[in-house]
Amino acid sequence: MAPNNPAPPDSTRRSERSRRAIYDAAIALVVEVGYPKTTIEGIAARAGVGKQTIYRWWGSKADVLLEAFLDLSEQAARTAAQEHESHEGREGRAGHESQGIPDTGDLAADLKLVLRATVDELRDPGFEAPSRALAADGVVNEELGRRFVAQLLEPQLQLYVDRLRSAQETGQVRPDIDPRIALELFVSPLAQRWLQYTGPITYEYTDTLVDYALNGLAPR
């Protein structure tokens, strides 16, 4: 009978643990000391890995932070979707199963749903702190700012573009409207209020933004 040899270590699982530790360390450091003072050495020490491990997977600290923040965003989106599904039930609506903006046929309701989920993210300390740190440093660090927009912000904005185009196809939005500009009527005010602390971030606020954007300000 052959001896029972222990199973070899699972390198995939070990790599995933290391990657997760690096993500967590990068986010924690950028919150604590800011982007300029965050270093590969500091991330490695905090994560309990060697510098060579980080350099094997990423080319710079910006690469690490952006990927870590993207992962954080995806986790927050999954949590919000699960909470909404638990609260509302599936109701057989396929729109809630995708990672895009739901398309239930009611544009206002769909936009309000997604913006309410955004409010939850912005008020979550685990998401808000690194978001503010990266946003603030992106203002003064042009390279970081451009990459933040290209890799994190634009893909999210494209979801609004797609939903507004769908609404154009069904006659809910005028065909001459540029969706990329139109989305700024409700996304940009929320971002400004959050960044500059000009007012509370609430469901009522984002619902009102959608109503104003879709219905206009002039008397009807």
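## Close-up views of a predicted model

**View 1. Arg 193 over the ring of Tyr 205.** The charged end of Arg 193 sits over the ring of Tyr 205, at 3.7 Å from its centre; a charge is taken to sit over a ring if NZ of Lys or CZ of Arg is within 6 Å of the ring centre and within 35 degrees of the ring normal. The model is predicted, so local features need pLDDT of at least 70 and side-chain atom pairs count only at pLDDT 80 or more, whereas totals for chains, interfaces and linings use all residues. Residues are numbered from 1 along each chain as its sequence is written, and side-chain values use heavy atoms, with hydrogens and water left out.

View 2. Arg 56 lies over the face of Trp 57, 5.6 Å from the ring centre. Trp 57 also belongs to one aromatic cluster with Tyr 23 and Trp 58.

**View 3. The ring pair of Phe 69 and Phe 127.** Searching the whole structure gives 5 aromatic pairs, where rings of Phe, Tyr and Trp (its six-membered ring) pair if their centres lie within 6.5 Å, and planes under 30 degrees apart count as stacked, over 60 as edge-to-face and the rest as tilted. The rings of Phe 69 and Phe 127 have centres 5.5 Å apart and planes at 35°, so this pair is tilted. Phe 69 in helix 4 (residues 61-88) and Phe 127 in helix 6 (residues 125-140) are 58 residues apart, and the pair thus links distant parts of the chain; helices (H or I, at least four residues) are DSSP runs, numbered from the N terminus. Phe 69 is buried at a relative accessible area of 4%, and Phe 127 is buried at 7%, buried meaning under 20% relative accessible area (1.4 Å probe, protein chains only).

**View 4. The ring pair of Tyr 160 and Phe 186.** With ring centres 5.7 Å apart and planes at 55°, Tyr 160 and Phe 186 form a tilted pair. Tyr 160 lies in helix 7 (residues 142-169) and Phe 186 in helix 9 (residues 184-196), 26 residues apart, and both residues are buried.

View 5. Asp 110, placed in helix 5 (residues 107-122), counts as buried at 2% relative accessibility. Its side chain makes polar contacts (N or O atoms within 3.5 Å, one able to donate a hydrogen and the other to accept it) with the side chain of Thr 104 at 2.8 Å and with that of Arg 163 at 2.9 Å. Beyond its neighbours within four places in sequence, Asp 110 is in contact (heavy atoms within 4.5 Å) with residues including Ile 101, Pro 102 and Gly 105.

How values were computed. Helix = DSSP H or I, 4+ residues; strand = E, 2+ residues; numbered from the N terminus. Buried < 20%, exposed > 50% of the residue type's maximum accessible area, 1.4 Å probe, protein only.
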